[in-house]
Amino acid sequence: MKKLNRLQRILVSANAFLIVFGCLMLGLRQNTMTNLGYSAWTYIKYGLIDYPMTSLGSAISDVANLWHVYDDNVYLNEELAIQRSYQTMYQDEKNKNQELEEMLDMQNDLPDATRIHCVVLERSIQNWNQLFTISAGKNEGVKENMLVATSQGVVGLVEHVETATSTVRLLTSPKLHNDIAIEIPLDDGTTIEGVMQSYDSAKKAYTVNLFDHDATVTNGAQVATSGKGGNYPGGVFIGTVTDTVMNDDAIISTIYVKPVSNMQSFNYVTVIGNKKS
């Protein structure tokens, strides 16, 4: 007898399965057949169609929600950055306005002095405690060795003058060559004079040598220009006494003066000089 090939064997097996399955169906009642067929179809439909489609839809929805959350986070971060930028700008403008108001309060001070109001144009990081550039020069009447002050007091001396700008050397610069004549009012109503010579970076204070070594100077005493040296008037505030140094005879020879508090940050200054200059 000729053997069946693989395809023929598959067809014979399938026919036999259908015959057996048909006999079983005929042996069952109508409602049983209906329920069994419905249940089988339901499981097949759920497993092959409903569940995969539901899972796929849920996955797509989750991805969409995550994308929306990401977009919202990006938007909120951008808005927060903008708000911080606005706050910084607001604070900066507020500080500038306060400086201008304090500068206006100085209008009645030193009526016999020449005053030129200007803006700080440049103050490089490399020379932060040494030099800065202002928006006034020869055209405005600026001359070398004029005092430069903020709303709180002296911060530097004009070192070089151009047509429309000038370079100012800060009093904290180690390269400051001009000695500034100063005076200090004493508790008894008199004053003592001296010379501010340099800035001590360790003590963060100016070094001042006094002319009268017998005077008693207390901490907190105010130091101002005396007007007896340089191209500037007297009475311009420089700083406050923070320490004194005694020599071997217990006589005051040197005092240390703390600079004005806004030495490190200012936007507007006034150039101060003698009117006759």
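**View 1. Accessible surface of the whole protein.** The accessible surface of this predicted model amounts to about 18100 Å², and 56% of that area belongs to carbon and sulfur atoms (Shrake-Rupley method, 1.4 Å probe; for residues, only the protein chains shown count as cover). Of the 277 residues, 30% count as buried, meaning under 20% relative accessible area with a 1.4 Å probe and protein chains only. Local features require pLDDT of at least 70 and side-chain atom pairs pLDDT 80 or more, whereas totals for chains, interfaces and linings use all residues. Residues are numbered from 1 along each chain as its sequence is written, and side-chain values use heavy atoms, without hydrogens and water.

**View 2. Secondary structure elements.** The protein contains two helices and twelve strands (DSSP runs numbered from the N terminus: helices H or I of at least four residues, strands E of at least two). From the N terminus on, their order is α-α-β-β-β-β-β-β-β-β-β-β-β-β.

View 3. Strand β7 (residues 191-200) pairs with β8 in the antiparallel sense over six bridges; pairing requires at least two DSSP bridges between two strands. Y199 stands opposite Y206 in β8. Four residues lie between the strands of this hairpin, in which K204 adopts a positive phi near 55°.

**View 4. T207 within strand β8.** T207 belongs to strand β8 (residues 205-210). Five of the six residues of β8 are buried, so this strand is largely enclosed by the rest of the structure. T207 itself counts as buried because its relative accessibility is 14%. Leaving aside residues up to four places away in sequence, T207 touches V195, M196, Q197, S198, D200, T254, I255 and Y256 (contact: heavy atoms within 4.5 Å).

How values were computed. Buried < 20%, exposed > 50% of the residue type's maximum accessible area, 1.4 Å probe, protein only.
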